[in-house]
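Please open the model in a viewer and keep the selection tool at hand.

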Amino acid sequence: MSFSIASTLDEALAALAAGARPVAGGSDLVVSARHGKAPLPDSIVAIDRLTDLAHVTVADDGSVRIGALTTHAALMLHPMIIDAYSGLADASALVGSPATRNVGTLGGNVMNSSPAMDTGAPLLALGATVELRSVGGTRVVALGDLWTGPGRHIAAADELCTAIILPARVAASGSAYVRLEYRRSMEIAVVGAGACVTLAANGTVAAITAALTAVAPTIVAVEGLDALVGHPLDDAALASVAAMASAQATPITDLRASDAYRRHCVGIMARRAVEAAGRRAAGEIISIPVNRAFGIGAAR
Ligand SMILES: Cc1cc2nc3c(=O)[nH]c(=O)nc-3n(C[C@H](O)[C@H](O)[C@H](O)COP(=O)(O)OP(=O)(O)OC[C@H]3O[C@@H](n4cnc5c(N)ncnc54)[C@H](O)[C@@H]3O)c2cc1C
C-alpha cells in the first residue's frame, strides 16, 4: 500500500491521476476499513493539509462556495451558514459526535455518497452544485446528477471535489433538515428530510423544494411540490407534503426499520422540515439543529 500527503492541490490532483484515492477526515474511508466493510485502497493521498479548500466564501453574484475540506464543526458554527443556509447547519450539527464533526468534511460526506448522509437532503433542496477538479480541468455538476447509487457517483477516479456551491439566498426564504434518530449522537438517519421554502409578500408559498434521506438508493428530491405555490403553508399543505414524500419513498427493510415504517416516518420528517423552513422564511429564529428545537429523538 502507498500513502502520500499532498501539500498542494496540484500534488493531490497528480496523485489522483496516478491512481490514488483521496482521504480527507477518514471518518468514512478509514472507519469502514477498520470495521471490515471495505478494504483500504492500495494507494491513498491525504488531502487534509490543503487548507485553501477549508474556507467558506461569497462570490460577487451572492453564491456561496464551501471548500470541500470544511468540517461539519465549522459549518454548524458558521454565522452565515446558520443564517442563510440553516438546513445545512442543521445537518452538520447532527453528524456523529464532536470528534466526528471535527474531522469529517462536507466533501467527504457528499462524495461518500451514502443515501443516509445528513448533508445531502438540505444541499439538494438548496440547489447545490459540486465542483470537480482533475489535472484535465474543472467541471461543475448539479448535486442531483452526482449520485448514482449507494456509495456511487459520476465523478471519475481522478476527480477531486474541491467545493460545494450554493446559489445566492433568495429574500424571505428559509431551509431546514430533520431526521428520525433512535438516540441523540453517534447515530445515522433512520430517515430524514431537508426543505427550502420561499414566501411571497402575502405569506403564501413562492417556491418550495424538499429532499429525502435514507428512503432510496440515493438522496432524492420530492417531485410535485410546485402544486403548493400560491397556497398558504397551512395544515392541508403540510399534509400533502407528507403524503407526497411517503408516496415517492422506496425504502428498504433492514435491522433499523421496516420499509413501511420508513415510508410513514419520512412523510412526517418532510412535513416537519417544510414547516421549519417556512417558519424560518417568515423570520422566526429556530435554533440549530431543528431536531433539538422540535424535541425529535430520544431524550439523553
Ligand atoms: C462514529 C461516526 C458517526 C458518524 N455519523 C454520521 C452522521 O450522523 N451523519 C452522516 O452523514 N455521516 C456520519 N458519519 C460518516 C462521516 O463522518 C461523514 O460522512 C463525513 O462527512 C465524512 O467526511 P471525511 O472527510 O471523514 O471523509 P473520508 O472518510 O476522508 O472520505 C469519504 C469518501 O469520500 C472520498 N473523498 C473525501 N474527500 C473527497 C474529495 N474532496 N473529493 C473526492 N472524494 C473525496 C474518499 O475517497 C472516500 O471515498 C459518521 C462516521 C463515524 C465514524
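Begin with the two domains: the centres of domain 1 and domain 2, taken over C-alpha atoms, lie 22 Å apart. To colour them, select 2–33 + 54–166 for domain 1 and 173–290 for domain 2; such bounds come from an automatic or database domain assignment. The model is predicted, with local features requiring pLDDT of at least 70 and side-chain atom pairs pLDDT 80 or more, while totals for chains, interfaces and linings use all residues. Numbering runs from 1 along each chain as its sequence is written, and side-chain values use heavy atoms, without hydrogens or water.

Next, display the interface. Here 27 residues of domain 1 contact 30 residues of domain 2 (heavy atoms within 4.5 Å). About 2,000 Å² is buried between domain 1 and domain 2, 67% of it from carbon and sulfur atoms; buried area is the accessible area (1.4 Å probe) that two parts lose on being put together, summed over both. Two salt bridges cross this interface (a side-chain nitrogen of Lys or Arg within 4 Å of a carboxyl oxygen of Asp or Glu).

Now select D90 and R280, which form a salt bridge with their closest N and O atoms 2.7 Å apart. D90 is among the buried residues of α5. After α5 comes G96, with a positive phi near 50 degrees.

Finally, select L40, in the loop between α2 (29–34) and β3 (43–46).

Terms used:
Helices (H or I, at least four residues) and strands (E, at least two) are DSSP runs, numbered from the N terminus. Buried means under 20% relative accessible area, exposed over 50%, partly exposed in between (1.4 Å probe, protein chains only).
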